[in-house]
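Here are my notes for a colleague who is opening this entry for the first time. Please keep the model in view while reading the numbered points.

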Amino acid sequence: MNSKDRFQVRGKVSIGDGKARDFLSSNEVLLSELEGEFGIKIVNRGNELQVIGGKVKVGKVKRLMGEVITLIEGGQALSLSEVRYALKIAKSEEVSLSSALPDVLLVTTRGKQIKAKTLGQKGYIEAMKEHDMVFVIGPAGTGKTYLAVAMAVLSLQEKQAHRIILTRPAVEAGEKLGYLPGDLQEKVSPYFRPLYDALFDMMDAEKFQKLLERGIIEIAPLAFMRGRTLNDAFIILDEAQNTTSEQMKMFLTRLGFSSRVVVTGDVTQIDLPQGRYSGLNEVRTILSGIKGIKFVYLNDQDVVRHELVQEVIKAYERYEARGQKAKESIVHSP
């Protein structure tokens, strides 16, 4: 135990009688969680918090809760999950609570705030703002596609791009395209559902349809990119782990003037036929260190779906690591 924590002290944090008190009253579980994490006691006296425990821990909790209260009273809309995440990061790392809180990237036509909800997502957004070519690699649920689409919509709104181009390889994951009903567009439409869902979340259906008809938004299979030069566009290649080496090279060389490209993928979910190497895996070696190109890696800590998704990802990682060790022991056994 730290010598500074041997003796208990009492610290006070003023809450006031406004939004912060309302937030804490409706989220009492937050104070209980802080007590468990820091090993201290918190007494809510209505207009103030009394923090009892070791000097160092009391000082840190006072600082963190003071920041929470200041931000809420300043008008920042925070959910319980966002405050939980920020407190967790600020506790384990030497960062301010505000730097761990989500930044608003875009406000939709329905008033919904699109935010970066983790430090990894913040870094991803900064990379998209600062680099013309960004590769983001991470597991399902980390916001790879959603945030790329949000950045594309923002670029269109701010006239940094004149059109949005969304593409992905139409690689089957257990179901053959030829067996699906309808014409080509109807056959490939299911593959683009995540992109449609993200766009519908950010603009109303009528506006989306108009932009689609005018070619300002284009959604097409990767094969349709061949032979083109894509100028003045924000271009997203989704599910890039399912590109071949040749497809990846073809796509990246489509980049024209005043354009930006974001490539998303999850290298643990490759659906290519056996014997075909993923273009996304290969490009990490080929383009490493080139100025203007940024690789961003997200992990289970950046998952913003149900908390069980994080546990599922961790379980698979442990299982696959055990399997790899087993394979290596067979290869190296006498």
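1. Two strands count as paired if DSSP finds at least two bridges between them, and the elements themselves are DSSP runs numbered from the N terminus, with helices (H or I) of at least four residues and strands (E) of at least two. This is a predicted model, in which local features need pLDDT of at least 70 and side-chain atom pairs count only at pLDDT 80 or more, while totals for chains, interfaces and linings use all residues. Residues are numbered from 1 along each chain as its sequence is written, and side-chain values use heavy atoms, with hydrogens and water left out.

2. An open sheet is formed by 6 strands in the order 8-7-9-10-6-11, with parallel pairing. At its edges stand strand 8 (217–221) and strand 11 (293–297), each with a single partner strand, so one side of each has no neighbour in the sheet. On average, neighbouring strands are turned by 15° against each other, direction ignored; axes here are lines fitted to C-alpha atoms, for helices over the stretch in contact, and angles between N-to-C directions run from 0 to 180 degrees.

3. Within the sheet, strand 6 and strand 10 run parallel and are joined by 5 bridges, and Ile137 stands opposite Gly265 in strand 10.

4. Helix 6 lies across strand 6, strand 9, strand 10 and strand 11, at about 150° to strand 10, whereas helix 9 (residues 193–202) lies across strand 7 and strand 8, at about 150° to strand 7.

5. The whole structure holds 9 salt bridges, each being a side-chain nitrogen of Lys or Arg within 4 Å of a carboxyl oxygen of Asp or Glu. One of them pairs Asp132 with Arg260, with the closest N and O atoms 3.5 Å apart; Asp132 sits in the loop between helix 6 (119–130) and strand 6 (133–137), Arg260 in strand 10 (residues 260–265), and the two are 128 residues apart.

6. Another salt bridge joins Arg168 and Glu239 at 3.3 Å, N to O, linking strand 7 (residues 163–168) with the loop between strand 9 (233–237) and helix 11 (245–252). Arg168 is buried, at 8% relative accessible area, whereas Glu239 is partly exposed, at 27%; buried means under 20%, exposed over 50%, and partly exposed in between (1.4 Å probe, protein chains only). Both residues also belong, with Asp238, to a network of salt bridges.

Terms used:
Contact = heavy atoms within 4.5 Å.
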